[in-house]
Amino acid sequence: MTVENSSTAPVILSVRDLDIKFNLRGRVLNAIRGISLDLYQGESLAIVGESGSGKSVFTKTFMGLLDQNGVIAGGEILYNGQDLATFRTERQWRQIRGREIAMVLQDPMTSLNPLKTIGSQIGEAIAIHQGLRGAALRAKVLECLGDVGIPDPEHRYKQYPHEFSGGMRQRVVIAIAVACRPKILICDEPTTALDVTIQAQILDLLKNLKRKYDLTTIYITHDLGVVANVADRIAVMYAGDIVEIGSCEEVFYTPKHPYTWALLSSLPQLGVKGQELYSIQGAPPNLFTEVKGDAFAPRNPHALKIDFEERPPYFEVSPTHKARTWLLDPRAPKVEPPEHIRELQREGVRRHGG
């Protein structure tokens with residue numbers, strides 16, 4: 001069953017039954033397990049989950065950036081009439097990477113070349129994809145620097161990465177990503193290495209660039225708090241699968257999967273002074289072995305017997321909200337979410353009037 005949305009916007013990218021495997025020292029790791037997802041033009045989709053849940057691996061396939069030992073073992077990635085899952089050569093990927101789909105990586109220090117000026121690094125991307133040279137190229141680079149809020153672009157153009165603060169380096173990485181006017185911008189943990197004040201500035205910048213360039217954006221993060229003000233929809237990933245997806249309000253205020261309950265309960269904002277902060281017990285499953293049933297079952301205090309035997313299908317909560325949990329089966333016993341989640345539900349009622 002495909003994870004859908006009732007949005008009237010056209011689908012810009014469609015993933016069908018995607019399976020990704022890695023060969024590690026003769027052993028096979030099934031990193032992505034049959035994901036289907038439609039991305040809608042102009043939306044902001046946040047993909048959240050613990051480290052190792054498959055968020056980055058999933059989106060790297062959209063740009064042909066899988067590690068050499070990784071392979072798409074099944075499924076389709078449909079974009080602009082092409083199946084990206086069938087691409088095998090750099091020549092094919094150059095038509096997509098940067099020009100159609102671009103990525104902002106989480107560590108600007110490793111994304112930027114310390115031996116090249118900022119201007120030359122932004123200019124390189126523009127020259128490759130837009131064919132500009134000379135004065136026209138320089139003017140475009142200066143425009144990009146201004147668009148991402150870097151003051152005195154004429155002076156900054158000639159500087160090197162080490163002369164920029166962390167926040168300014170991240171702005172440069174964003175400038176490189178949007179310089180070629182991609183249709184889809186993937187932001188992989190874009191604020192991880194930044195302090196809270198700079199985080200807010202970078203998220204505001206990304207929202208402004210989305211509007212200016214009519215971007216479709218994907219945010220990858222382990223922090224639900226970061227995406228609360230930027231995402232239209234949230235997809236929750238666990239063990240290489242999307243276990244819940246819905247609008248931002250639905251996932252925050254009426255979550256249905258026990259893993260989403262656990263993620264939300266772990267938010268520092270929900271902590272009570274004097275009480276220990278909630279943490280998810282146990283560890284994710286070993287993806288070198290076949291996952292039987294619901295992958296979250298061994299860590300789920302509300303697990304049913306069937307959770308250990310059969311993978312749950314998606315159950316529809318609303319036309320825009322689905323979750324892969326047996327607790328939504330009409331035959332399942334009624335299980336109340338934890339107190340943290342009930343408080344969020346009450347907050348949602350207060351905010352939205354029911």
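User: In what order do the four strands of the open sheet stand?
Analyst: In this predicted model, four strands form an open sheet with antiparallel pairing. The edge strands, each pairing on one side only, are strand E2 (27-40) and strand E5 (82-83). The order is E2-E1-E4-E5.

User: Over how many bridges do strand E1 and E2 pair?
Analyst: Strands of a sheet pair through backbone hydrogen bonds, either parallel or antiparallel. Strand E1 covers residues 11-24 and pairs with E2 in the antiparallel sense. Leu-24 stands opposite Arg-27 in E2. The number of bridges between E1 and E2 is eleven.

User: Is Arg-25 buried or exposed?
Analyst: Arg-25 lies in the loop between E1 and E2. Its phi is positive, about 50 degrees, although Arg-25 is not a glycine. The relative accessible area of Arg-25 is 84%, and the cut-off for exposed is over 50%. Therefore Arg-25 is exposed.

User: Is Glu-189 buried or exposed?
Analyst: Glu-189 sits in the loop between strand E7 (184-188) and helix H8 (196-213). Glu-189 is not a glycine, yet has a positive phi of about 45 degrees. Most residues other than glycine have a negative phi. Because the relative accessibility of Glu-189 is 9% and the cut-off is under 20%, Glu-189 counts as buried.

User: Which element of the chain has the lowest mean pLDDT?
Analyst: The chain averages a pLDDT of 90, and 95% of the residues score at least 70. Among the elements, strand E12 (residues 321-323) has the highest mean, 98. The lowest mean, 77, belongs to helix H3 (residues 108-111).

Methods: Residues numbered from 1 in each chain as written. Predicted model: local features only at pLDDT ≥ 70, side-chain atom pairs only at ≥ 80, totals over all residues. Heavy atoms only, no water. pLDDT = per-residue confidence, 0-100. Helix = DSSP H or I, 4+ residues; strand = E, 2+ residues; numbered from the N terminus. Pairing = 2+ DSSP bridges. Buried < 20%, exposed > 50% of the residue type's maximum accessible area, 1.4 Å probe, protein only.
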